[in-house]
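The sequence and the structure are shown first.

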Amino acid sequence: GPARRTTTTARRVSGGGPLDLAQITTICRAAGNQEDPAGFLARLSSAYSLSSDDSVSLRASCAAYLAGRADARCASGGTY
């Protein structure tokens with residue numbers, strides 16, 4: 001098969017490949033539309049059998065993503 005860069009696959013999700021940026025963004029966007037984003041991420045982590053490290057990493061990524069999205073909303077005049 002085609003040669004794959006191994007540097008980006010050092011951190012793996014147990015039972016699958018690592019989450020890429022596009023997947024993380026999609027997950028975070030979905031979480032932002034939930035009434036309970038943290039619960040949504042916890043259920044997702046469980047469903048994908050993420051390791052605790054990956055689960056924490058995903059939550060941190062989404063927290064940063066959602067905070068950035070909220071900042072962008074405020075900067076553009078606030079459309080809450």
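## Disulfide

Counting as a disulfide a pair of cysteine sulfur atoms within 2.5 Å, the count comes to 1 disulfide. The pair consists of C28 and C62, whose sulfur atoms lie 2.1 Å apart, and it links distant parts of the chain, with C28 in helix α1 and C62 in helix α3, 34 residues apart. The link of C28 and C62 is left-handed, with -85° about the S-S bond.

This is a predicted model, in which local features need pLDDT of at least 70 and side-chain atom pairs count only at pLDDT 80 or more, while totals for chains, interfaces and linings use all residues. Residues are numbered from 1 along each chain as its sequence is written, and side-chain values use heavy atoms, with hydrogens and water left out.

## Exposure of the cysteines

Relative accessible area, computed with a 1.4 Å probe on protein chains only, classes a residue as buried under 20%, exposed over 50% and partly exposed in between. C28 is buried at 1%, and C62 is likewise buried at 1%, whereas C74 is partly exposed at 49%.

## Helix α3

Helices are DSSP runs (H or I, at least four residues) numbered from the N terminus. Helix α3 covers residues 52-75, and because its 24 residues should span 34 Å at 1.5 Å a residue, the 34 Å between its end C-alpha atoms agrees; the expected span is 1.5 Å times one less than the number of residues.

Within α3, D54, S55, L58 and C62 are buried, and the buried residues of this helix pack against α1 (21-32) and α2 (37-47), where contact means heavy atoms within 4.5 Å. Just after α3, G77 takes a positive phi of about 105°.

Terms used
Helix = DSSP H or I, 4+ residues; strand = E, 2+ residues; numbered from the N terminus.
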